[in-house]
Amino acid sequence: ALSAREEEVLRLLAGGYTNQEVADRLVISVKTVETHRAHLLGKLGLRKRAELVRYARTHGLLAAAAP
């Protein structure tokens, strides 16, 4: 299961935001975004950012990424 913060980071990453933009929007460091992304990849058994986008799309998370 994803934490609320991991899901939030996933939505933003899948919405096309860069790590820096996600960090700025969530008022966290870029390193923290990278850590969340690594945890997401591990938890979901994925290897690439594109796979995260595909996961978000198929699980209905992409629409929620809009600003």
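This is a predicted model: local features need pLDDT of at least 70, side-chain atom pairs count only at pLDDT 80 or more; totals for chains, interfaces and linings use all residues.
Val27 lies in the loop between helix 2 (19–26) and helix 3 (30–44).

The backbone here deserves a look. Val27 is not a glycine, yet its phi is positive, at about 55°. This positive phi comes just after helix 2.

## The buried side of helix 2

Which residues of helix 2 are buried? They are Asn19, Val22, Ala23 and Leu26. These residues cover an arc of only 100° around the axis, so they sit on the same side of helix 2. An α-helix has 3.6 residues a turn, so residues three or four places apart point the same way.

What do the buried residues of helix 2 pack against? Their partners are helix 1, helix 3 and helix 4.

## The nonpolar core

The largest nonpolar core has 15 residues. Val9, Leu10 and Val22 have the most contacts inside it. Helix 1, helix 2, helix 3 and helix 4 each give two or more residues to this core. Helix 1 gives the most, with five residues.

Take Leu10. Leaving aside neighbours within four places in sequence, Leu10 is in contact with Leu2, Leu40, Leu52, Tyr55, Ala56 and Leu61.

## Helix 1 meets helix 4

Two packed helices are described by the angle between their axes and the distance between the axes. For helix 1 (residues 4–14) and helix 4 (residues 49–58), the axes come within 9 Å and cross at roughly 105°. Helix 1 and helix 4 are therefore roughly perpendicular to each other, since angles of 65 to 115 degrees count as such.

Which residues make the contact? Helix 1 supplies Leu10, Leu13 and Ala14. Helix 4 supplies Arg49, Leu52, Val53, Tyr55 and Ala56. Of the residues in this contact, seven are nonpolar, none is polar and one is charged.

## Tyr55 in helix 4

Tyr55 belongs to helix 4. Is Tyr55 buried, partly exposed or exposed? Tyr55 counts as partly exposed, because its relative accessibility is 22% and buried means under 20%.

Not counting residues up to four places away in sequence, Tyr55 touches Leu10, Leu44, Leu46 and Leu61. Asp24 is another matter. Tyr55 and Asp24 are 31 residues apart along the chain, and their C-alpha atoms are separated by 23 Å.

Methods:
Residues are numbered from 1 along each chain as its sequence is written. Side-chain values use heavy atoms; hydrogens and water are left out. Axes are lines fitted to C-alpha atoms, for helices over the stretch in contact, and angles run from 0 to 180 degrees between N-to-C directions. Helices (H or I, at least four residues) and strands (E, at least two) are DSSP runs, numbered from the N terminus. Angles under 35 degrees count as roughly parallel, over 145 as roughly antiparallel, 65 to 115 as roughly perpendicular and the rest as oblique. Contact means heavy atoms within 4.5 Å. Ala, Val, Leu, Ile, Met, Phe, Trp, Tyr, Cys and Pro count as nonpolar, Asp, Glu, Lys and Arg as charged, and the others, Gly among them, as polar. Buried means under 20% relative accessible area, exposed over 50%, partly exposed in between (1.4 Å probe, protein chains only). The arc is that of the directions from the helix axis to the C-beta atoms. A nonpolar core is a set of buried Ala, Val, Leu, Ile, Met, Phe, Trp, Tyr and Cys residues joined through side-chain atoms within 4.5 Å.
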